[in-house]
Amino acid sequence: FSLYVSTETTILWEDNYCACVLKLAGIVTKGHGKYTLESACANRLVKSPLDDVLKTPLAVHRLDKATHGPVIFAKTTSAASGLGNAFEKREISKVYLALIEGTPLINSSTVRIEIDGKEAHSEIEIIGSTSWPIFGSATLVKVYPKTGRTHQIRKHLACMGHPVLGDQLYSGDLE
């Protein structure tokens, strides 16, 4: 099995303060690795002409390596500070779509299961189910994380007995 990681980044929106970039699955958002979304965007985003411009654009939140979706980048210190505060105060709402194993017997759920000794809270809404050759059935869900713990959505769905399809880390027995 090999995973092809594209070096292309799709810029969904950009101005002098920030940008929204589509992160493909298989790429880490930030870190010290050879290839990250931050490093890819360093030369792709237009440098801000404002006085408080950052040396390189900063991803103000993360998505798991396996997650595909939009990431917000700050291009100025004021944007980084404002967006960081908004995320910290939970003024920015996030919605994720996931395809999970099986068919839950509920229409919605609130999951409050601590992760690494810290509060973790997710709201889950069932969209619909279909037959699936390998798992019998699969269900599309919307997940509204109210906290931002590492792998929170994947862990919460697995604890419900319905892990994300293909999740090799949390689809087995949880200890």
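Guide: A residue is called buried under 20% relative accessible area, exposed over 50%, and partly exposed in between, with a 1.4 Å probe and protein chains only. By this rule Arg 154 is buried, with a relative accessible area of 18%. Please note that this is a predicted model, in which local features need pLDDT of at least 70 and side-chain atom pairs count only at pLDDT 80 or more, while totals for chains, interfaces and linings use all residues. Residues are numbered from 1 along each chain as its sequence is written, and side-chain values use heavy atoms, with hydrogens and water left out.

Visitor: How many helices and strands are in the chain?

Guide: Helices (H or I, at least four residues) and strands (E, at least two) are DSSP runs, numbered from the N terminus. The chain has 3 helices and 8 strands. Their order from the N terminus is β-β-α-β-β-α-β-β-β-β-α. The C-alpha atoms fill a box of roughly 55 × 40 × 30 Å along the principal axes.

Visitor: What part of the chain is buried, and what is its accessible surface?

Guide: Accessible areas come from the Shrake-Rupley method with a 1.4 Å probe; for residues, only the protein chains shown count as cover. Of the 175 residues in the chain, 39% are buried. The accessible surface comes to about 10,700 Å², and 52% of it belongs to carbon and sulfur atoms.

Visitor: Is helix α3 mostly covered or uncovered, and what do its buried residues pack against?

Guide: Helix α3, residues 152-159, is mostly covered, with 7 of its 8 residues buried. Among them are Ile 153, Arg 154, His 156 and Leu 157. Contact means heavy atoms within 4.5 Å. The buried residues of α3 pack against β5 (96-101), β6 (108-112), β7 (121-132) and β8 (136-145). Just after α3, Gly 161 takes a positive phi of about 90°.

Visitor: Which residues have the most contacts inside the largest nonpolar core?

Guide: A nonpolar core is a set of buried Ala, Val, Leu, Ile, Met, Phe, Trp, Tyr and Cys residues joined through side-chain atoms within 4.5 Å. The largest one here has 21 residues, and those with the most contacts inside it are Leu 37, Phe 73, Val 141, Val 143 and Leu 157. Two or more residues each are given to this core by β2 (18-23), α1 (37-42), β4 (69-76), β5, β7, β8 and α3. The largest share, 3 residues, comes from β5. A second, separate core of 8 residues includes Leu 54, Val 60, Ala 74 and Phe 87.

Visitor: With which residues is Val 143 in contact, leaving aside its neighbours within four places in sequence?

Guide: With those neighbours left aside, the contacts of Val 143 are Lys 94, Val 95, Tyr 96, Ser 122, Glu 123, Ile 124, Ile 153 and Leu 157. For the chain, residues 24 or more positions apart account for 55% of the contacts with a separation of 6 or more.

Visitor: How many salt bridges does the structure hold?

Guide: A salt bridge is a side-chain nitrogen of Lys or Arg within 4 Å of a carboxyl oxygen of Asp or Glu. The structure holds 4 salt bridges. In one of them, Lys 75 pairs with Glu 14, the closest N and O atoms being 2.7 Å apart. Lys 75 lies in strand β4 and Glu 14 in strand β1 (residues 10-14), so this pair ties together parts that are 61 residues apart in sequence. Lys 75 is buried at 4% relative accessible area, whereas Glu 14 is partly exposed at 27%.

Visitor: Where do Arg 154 and Asp 167 lie?

Guide: These two residues form a salt bridge, with the closest N and O atoms 2.8 Å apart. Arg 154 lies in helix α3 and Asp 167 in the segment after α3, so the pair ties together parts that are 13 residues apart in sequence. Asp 167 is buried, with a relative accessible area of 7%. Salt bridges that share partners join Asp 64, Arg 154 and Asp 167 into one network.

Visitor: Is Asn 107 buried or exposed?

Guide: Asn 107 counts as exposed, at 66% relative accessibility. Its place is in the loop between β5 and β6. Leaving aside neighbours within four places in sequence, Asn 107 is in contact with Ile 124, Glu 125 and Ile 126.
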